[in-house]
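Welcome! Then let us walk through it together.

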Amino acid sequence: MSGMDVADGLRAPAWGGFDRSRTTGGGARDLIRSFWVATRLGWQMEANWTDPVLFFIYSVAKPVSSALILVLMLEVIGAGGRPDYRAFVIVGSALWSFVISGIAGLAWSILDDRERYRMLRYVYVSPSDFLVVLLGRGVARTAVGAMGALITLAVGVVALGVPFDPGRIDWPLLVVVMALGLAAIVAIAIMLAAICLQTRQESWSYPEAVSGALFLVSGAVFPLAVLPTPLQAVGLLTPLSWWVEGVRHALFPGALTALGGPGSFFESVSGRAGPSGIEIVVALLATGTVATLASVAVFRVSDRRAKDRGLLDQTTGS
Amino acid sequence: MTSESAAFNFRPTATPQEAAAWSRRQVLATDIRAVRGRAYPRVTGMFREKSWVFFEILLPFLATSAFVFVYRAIQAPPEYIGFVVLGGAMTAFWLNVIWMMAQQLWWEKSQGNLELYFAAPMNIMSVLLGMAVGGFVMSSTRAAAVLVIATTLFGVTFEVEQWALLLVVFFLTLAALYGLGMVLASLFLMWGREAWHLTQLLMEPVYFVSGLNFPVGRLGIVGSLAISLLPLAVGLDAMRQLAFADAAYPLGTPSPDVEAVILLGMTVVFLLIARLTLRILERLARKEGRLSIRWQ
């Protein structure tokens, strides 16, 4: 390497031997640096393909259209005159765009790097922690989803007559459920990324499919009480149901409940019409913890299997 | 030996020019081979990667069910549940057109296959047709599954009086959809990396203006525009009118036979545009040497 300009950290020790301490890495500092670089890379890939106006349209068109589909469905049947139900579907739909983006971010990072750019093998063998890099790559898409959710809510309030009073927001509850909900979304995203590590190129639509299935049991756009009892029970075991319920509770105190209500499984079990704020937080914490532990376990198994079968550098196509 | 493979038999020729002068039969046989060859990995892939049954049939069915329950929650008339089921089934084709047709040439460029396609002695339309055929097999399976399971579970009753017209409309819708997919494939190839992101714009917004879960006539002028531009919108509207003949269908859209004519027009126009854009692209690509530039 003599004669070449080598960065300080990479230069051989002055005494010329092998410095073992370098293999242990820099601990938390390295993790933060990997995460930050991955986040920046993800944002560049997500946002630098066009001008800011088109990027903004692109970011909000999907969630706003999703909400409009539901609003039109209510209008067609004549239920659009109920502002409480309209608020119910708009909040659920807005939050769901956040879920879709959060879940897709990590899974698509795997597919992008393995199938399109064919860099996954190099990223994997780099000194950065693979999971930390993946999380960083997912941040940009999650941020885009969050922006879409906010705009959808704003459109709902300004243009679609959603009754909203900022003075009534339960901020502590909102902050807690958002933090726990984000952790739960990341956990599900890690699980799906682990699955995409095993599957082929066409897995691009899997995040959409998984979030679509969770959409059914999460009470995002209709009360769970209309579902058969076993599905209601599944819904109550899903952290996303509690997250959506918690956000509704915080933004619209006293609004329709998705988990409880007359004839619901929740009512038959608890004897009450709907969960309280504390119950929502406890249930979200419990279900979110289970989801997180499960996701880490699934990711580890998938990681080992991918290494064992050479899946990290395979490319597929059809 | 089949007659098709006989077209590829070695024939000694006096000059390279003579060897390059193919008969119509050879050209046709090569194009058919290309269609079959491009459809093959899609059909075979279905059997090799079993996870798609779960992720591309069962889970999308659950997503469709969610919209059924929205209508149930607001006590909608039963035909609206049928509208959602029909929309859910047709989504399979639209997703296939967007993800596996429109993006495919750009994807092939990134993979390094596109230059081989252009260099091969075949019409590039054959490759696109092969993708469409393979994709159709995959999507039909999903659409049929959604239709059968949802019809059984949710008790949807179809009331069809004109089966022949319904089938004609269905196949014309597919022809127009895949024609549009071919146009988008060439445009996306030109747009490069933007195309990947623009795909997102062709999902929910298109579902909305196509009236995926409600009669498109309720959208007024937007619905009329969609009917004149989007095969999914016009095809769905015609199929709903035909499959639920006894339902009180909202007025404001053309009758199914008029919509069949619109679909026919769309098919012809899209295929012509696709042919033209592909030729322009091929010329540009050869002239500017962009066939092998990846990831842009």
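## A definition to start with

A residue is called buried if 20 or more other C-beta atoms lie within 10 Å of its own, exposed if 12 or fewer do, and partly exposed in between. Keep this in mind as you read about a model that is predicted.

## How confident is the model?

For the model as a whole, the scores are ipTM 0.84 and pTM 0.85. Chain B has an average pLDDT of 86, and 94% of its residues score at least 70.

Within chain B, confidence is highest in helix H13 (residues 231–243), at a mean of 94, and lowest in helix H1 (residues 3–6), at 57. Where pLDDT is low, the predicted coordinates should not be read in detail.

## The overall build of chain B

Which kinds of secondary structure make up chain B? There are 14 helices and 0 strands. The radius of gyration of chain B is 21 Å, close to the 19 Å that the globule rule gives for 296 residues, so chain B is as compact as a globular protein of that length.

Along the principal axes, the C-alpha atoms of chain B fill a box of roughly 75 × 45 × 40 Å. Of the 296 residues in chain B, 48% are buried. Now consider contacts in chain B between residues at least 6 apart in sequence: 81% of them join residues at least 24 apart.

## Where the two chains meet

How many residues of chain B are in contact with chain A? The count is 41 residues of chain B, in contact with 37 residues of chain A. On the side of chain B that touches chain A, the elements giving two or more residues include helix H3 (24–48), helix H5 (78–102) and helix H10 (193–201) of chain B. The largest share of that side, 15 residues, comes from H4(B). Sorted by type, the residues on this side of chain B are 25 nonpolar, 8 polar and 8 charged.

You can find Ala213(A) in helix H7 (residues 206–217) of chain A. Is Ala213(A) buried or exposed? Ala213(A) is buried, because 20 other C-beta atoms lie within 10 Å, and a residue with 20 or more counts as buried. Leaving aside neighbours within four places in sequence, Ala213(A) is in contact with Leu59(B), Leu62(B) and Ala63(B).

Helix H9 (residues 239–251) of chain A has 13 residues. From its first C-alpha to its last, H9(A) reaches 18 Å, close to the 18 Å expected at 1.5 Å a residue. H9(A) is mostly covered, with 13 of its 13 residues buried.

Gly254(A) sits in the loop between H9 and helix H10 (265–270) of chain A. Gly254(A) counts as exposed because it has 9 C-beta neighbours inside 10 Å.

## Two residues with positive phi

Arg118(A) is not a glycine, yet it has a positive phi of about 55°. Look for Arg118(A) in the loop between helix H3 (83–116) and helix H4 (120–125) of chain A. Arg118(A) counts as partly exposed, because it has 16 C-beta neighbours inside 10 Å.

Gln75(B) is a residue other than glycine with a positive phi, near 50°. Gln75(B) is placed in the loop between H4 and H5 of chain B. With 10 other C-beta atoms within 10 Å, Gln75(B) is exposed.

Definitions and conventions:
Residues numbered from 1 in each chain as written. Chains lettered and ligands numbered in written order. Predicted model: local features only at pLDDT ≥ 70, side-chain atom pairs only at ≥ 80, totals over all residues. pLDDT = per-residue confidence, 0-100. Helix = DSSP H or I, 4+ residues; strand = E, 2+ residues; numbered from the N terminus. Contact = placed C-beta atoms within 7 Å. Nonpolar A, V, L, I, M, F, W, Y, C, P; charged D, E, K, R; others polar. Rg over C-alpha atoms; globule rule 2.2 N^0.38 Å. Expected span 1.5 Å × (residues − 1).
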